[in-house]
Amino acid sequence: MKTAPWACWIALPAALLIWGLVAALLDSALLPSPLAVLQTLWGEVRAGELQHHLGVTLRRVMLSFALAMALGTLLGVWMGRAPLVNALLDPLLVLFLNLPALVTIILLYVWVGLVEAAAVLAVVINKVPNVAVTVREGARSLDNRLEQMAEVYHFTRWQRLAHVWTPQLFPYLMAATRGGLALIWKIVLVVELLGRSDGIGFQLHMAFQVFDVASILAYSLAFIAVVQVIELAVLQPLERRASRWRTAGVRHA
Amino acid sequence: MSRQPVLGDIATRIAEGDRICLLGPSGIGKTTLLNVIAGLEQQFPAAAVRRRAGLRIGYLFQEHRLLPWRTLRQNLRLVGVPAHEVEPLLAQVGLAGCAEHLPDQLSLGMARRAALARCLAIQPDLLLLDEPFASLDPPRAQALQNLVGTLLDARPHMAMICVTHDARDAGRLANRIWYLNGQPARLQWDERLASGGDVAGITRKLRSLESKVV
């Protein structure tokens, strides 16, 4: 079913319009108009503040994302392929899945101190179980017929990983990446709010102290924009590229 | 749950140039026996099958089992075919010009030919074929049977085991015939029928085995 191309251009402008109207009606510093938020945004950009804090936050996100994906993938594949490992570690996985992010963050700050390592580690610990659970599903569904084929033709470990496993795990890795980034963005802000002196979360914290709603909205918008750019410029092309073989079409059937 | 053995005691040997057709009712364990020979049955004691040192086994599975996300060229390169030999190898199985195709862009018969090319690429000493002509329409099945016959003729030292339901395959390709029957399956063989290419005799034998199981 094909929907009209203009359909996605309704809701956002409408929300913007309502926001503008309500802000004009209330005329309060607690709900600045869209224009005022843009002005604040521009002011932060000119002062170099926005780029600095956004850069710091992005660095934390990328670092914890890379670590969480690497560890979570290893754990997920291991648990998916070895029933004994799965039986041993599954209760622990359930525990960590249900551990609130806030608890991990607080405990790590208490135990390790208000340092960068504690911040990144807190995010990683929160994310690894989610990645592991998703990748475990993928590892369990690896096609045994292709395993046998790889066995008969003496594929090396590396060949199996690159040519047999990764293409099958790819949809699960993408799902973990999507869910992972969405979650990590949010946890990183909390981590910064609670115990760092730079980053978007820290700026939100400062703005909150003086009820500077314009700054809160300006930083949020900048943040959402960056997340969208990463989605459009990195994730979607990657997904298209890797699933090309599916859409290549059945010529003879 | 107690596990029933699928295969009973099977003692036999396979020599160079043996062309064995493995016949028997469905579900008797023919594919399992091929897997055991190829070393793919994990529960099976490995020492029970003695393979000559350095024995190379090519296995044509029932499905093509090419990597669907890799082209034919990449699939063949993965088993060690040098770049310049990809095209000649594909031409041998009637797939000239298909090197850049993905397996799912090919028909069932073409994909099976590509998989056959991969089997031959490793210069096997023993070729295992699991129902190579099944689910093809008669002319294509015939053409593939002729191709397999030609490829076998060109490799007199290569041994072959071919699982089939069709006595005509056995008549054309085999110089030995194995029947699996009983429960668990036991092996019988009948050299006389095979060497004469006696299709009618093989069919009769196959029918009698099937009626015993059913």
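This is a predicted model: local features need pLDDT of at least 70, side-chain atom pairs count only at pLDDT 80 or more; totals for chains, interfaces and linings use all residues.
Residues are numbered from 1 along each chain as its sequence is written, and chains are lettered from A and ligands numbered from 1 in the order in which they are written.

**Exercise 1. Describe the secondary structure and the overall spread of chain A.**

Step 1. Helices (H or I, at least four residues) and strands (E, at least two) are DSSP runs, numbered from the N terminus; chain A comes to eleven helices and zero strands.

Step 2. The radius of gyration, taken over C-alpha atoms, is compared with a globule rule of 2.2 Å times the number of residues to the power 0.38. For the 253 residues of chain A that rule gives 18 Å, and the radius of gyration is 23 Å, well over that value, so chain A is more spread out than a compact globule.

Step 3. The C-alpha trace of chain A spans about 75 × 55 × 30 Å along its principal axes.

Step 4. A residue is buried if 20 or more other C-beta atoms, placed from the backbone, lie within 10 Å of its own, exposed if 12 or fewer, and partly exposed in between; buried residues make up 30% of the 253 residues in chain A.

**Exercise 2. Find which residues of helix H9 of chain A are buried, and what they pack against.**

Step 1. Helix H9 covers residues 200–209 of chain A, and Ile200(A), Gly201(A), Phe202(A), Gln203(A) and Leu204(A) are buried there.

Step 2. The buried residues of H9(A) pack against helix H3 (49–81), H8 and helix H10 (213–242) of chain A.

Step 3. After H9(A) comes Phe211(A), with a positive phi near 55°.

**Exercise 3. Characterise the side of chain A that touches chain B.**

Step 1. Two residues are in contact if their C-beta atoms, placed from the backbone, lie within 7 Å; on this criterion 17 residues of chain A are in contact with 19 residues of chain B.

Step 2. Helix H7 (144–152) and helix H8 (157–195) of chain A each supply at least two residues of this side, and H7(A) gives the most, with six residues.

Step 3. Ala, Val, Leu, Ile, Met, Phe, Trp, Tyr, Cys and Pro count as nonpolar, Asp, Glu, Lys and Arg as charged, and the others, Gly among them, as polar. By class, the side of chain A that touches chain B has nine nonpolar, five polar and three charged residues.

**Exercise 4. Work out how helices H4 and H5 of chain B are arranged.**

Step 1. Chain B comes to eight helices and six strands, and 38% of its 214 residues count as buried.

Step 2. Axes are lines fitted to C-alpha atoms, for helices over the stretch in contact, and angles run from 0 to 180 degrees between N-to-C directions. Helix H4 (residues 108–121) and helix H5 (residues 138–153) of chain B pack at an angle of about 10°, with their axes 11 Å apart.

Step 3. Angles under 35 degrees count as roughly parallel, over 145 as roughly antiparallel, 65 to 115 as roughly perpendicular and the rest as oblique; H4(B) and H5(B) are therefore roughly parallel to each other.

Step 4. Gly109(B), Arg112(B), Arg113(B) and Leu120(B) in H4(B) meet Arg140(B), Leu144(B) and Leu151(B) in H5(B), a contact with three nonpolar, one polar and three charged residues.
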